[in-house]
Amino acid sequence: MTDTDLIEIGSAQQAESLVRDSDFLLLGFKAPWCPQCEPQRGVVKRVQGKFGARVRFAYLDLAADESGAQAFAVQALPTLVLFKQGKEAARLSGFTPAPKLISSLDALLGSD
């Protein structure tokens with residue numbers, strides 16, 4: 001696995017570790033019963049190529065570990081949370097189109 005792979009996380013504990021260990025991270029939350037989650041994941045995968053290894057991209061399936069919703073205060077799906085050096089920098093709830101996601105990631109990197 002490289003830093004440019006979309007990382008599939010199996011637990012909230014793994015997600016918390018990844019947040020701590022990443023300078024810039026987009027952490028997405030999904031569930032199989034969420035109709036907008038798979039299209040959102042497709043947008044994330046397309047946008048990921050624009051940022052290369054500067055931002056890590058990961059997903060936690062809340063059906064696999066429901067405690068992730070509480071650990072990261074996720075109240076709607078899909079949700080994307082952007083972290084900078086272990087701290088939440090932005091949160092996007094509901095389906096986020098590519099242009100908005102790109103501008104949010106640009107702002108995250110630009111606030112360095």
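Two residues are in contact when heavy atoms lie within 4.5 Å of each other. By that criterion, C37 is in contact with F29, K30, A31, L77 and P78, leaving aside its neighbours within four places in sequence. The structure is a predicted model, in which local features need pLDDT of at least 70 and side-chain atom pairs count only at pLDDT 80 or more, while totals for chains, interfaces and linings use all residues. Residues are numbered from 1 along each chain as its sequence is written, and side-chain values use heavy atoms, with hydrogens and water left out. Helices (H or I, at least four residues) and strands (E, at least two) are DSSP runs, numbered from the N terminus.

**Packing of α2 and α4**

- Helix α2 (residues 37-51) packs with helix α4 (residues 98-110) at an angle of about 40 degrees, and their axes are 10 Å apart. That angle makes α2 oblique to α4.
- Axes are lines fitted to C-alpha atoms, for helices over the stretch in contact, and angles run from 0 to 180 degrees between N-to-C directions. Angles under 35 degrees count as roughly parallel, over 145 as roughly antiparallel, 65 to 115 as roughly perpendicular and the rest as oblique.
- The two helices, α2 and α4, form a right-handed crossing. A crossing is right-handed if the near helix is turned clockwise from the far one by less than a right angle, and left-handed if anticlockwise.
- From α2, the residues V43, V44, V47, K50 and F51 meet A98, L101, I102, L105, D106 and L109 of α4. The residues of this contact divide into nine nonpolar, no polar and two charged.
- In that division, Ala, Val, Leu, Ile, Met, Phe, Trp, Tyr, Cys and Pro count as nonpolar, Asp, Glu, Lys and Arg as charged, and the others, Gly among them, as polar.

- V47 belongs to helix α2 and is buried, with a relative accessible area of 3%. Buried means under 20% relative accessible area, exposed over 50%, and partly exposed in between (1.4 Å probe, protein chains only).
- Apart from neighbours within four places in sequence, V47 is in contact with A98, L101, I102 and L105.
- V47 and W33 are separated by 14 residues in sequence and by 24 Å in space, C-alpha to C-alpha.
- I102 lies in helix α4 and counts as partly exposed at 23% relative accessibility. Leaving aside neighbours within four places in sequence, I102 is in contact with V47, K50 and F51.
- Between I102 and K50 there are 52 residues in sequence but 8.5 Å in space, C-alpha to C-alpha.
- C37 is also placed in helix α2 and counts as buried at 3% relative accessibility. The C-alpha atoms of C37 and E88, 51 residues apart along the chain, are separated by 21 Å.

**S22 and its surroundings**

- S22 lies in the loop between α1 (12-21) and β2 (24-30), where S22 is buried with a relative accessible area of 3%.
- A polar atom of the S22 side chain lies 2.7 Å from the backbone oxygen of L18.
- The side chains of S22 and R56 make a polar contact (3.3 Å). A polar contact is a pair of N or O atoms within 3.5 Å; within protein, one must be able to donate a hydrogen and the other to accept it, and residues adjacent in sequence count only if both atoms are side-chain atoms.
- Not counting residues up to four places away in sequence, S22 touches R56, Q85 and G86.

**Backbone features in the loops**

- The peptide bond from L77 to P78 is cis, with omega near -5 degrees. P78 is found in the loop between α3 (67-71) and β4 (79-84).
- A73, in the loop between α3 and β4, has a positive phi of about 50 degrees although it is not a glycine. A73 is partly exposed, with a relative accessible area of 47%.
- Q85 has a positive phi of about 50 degrees although it is not a glycine. Q85 sits in the loop between β4 and β5 (87-93) and is exposed, with a relative accessible area of 52%.

**E16 in α1**

- E16 is found in helix α1 and is partly exposed, with a relative accessible area of 33%.
- The C-alpha atoms of E16 and G68 are separated by 9.2 Å, although the two residues are 52 residues apart along the chain.
- Excluding neighbours within four places in sequence, E16 is in contact with A71 and F72.
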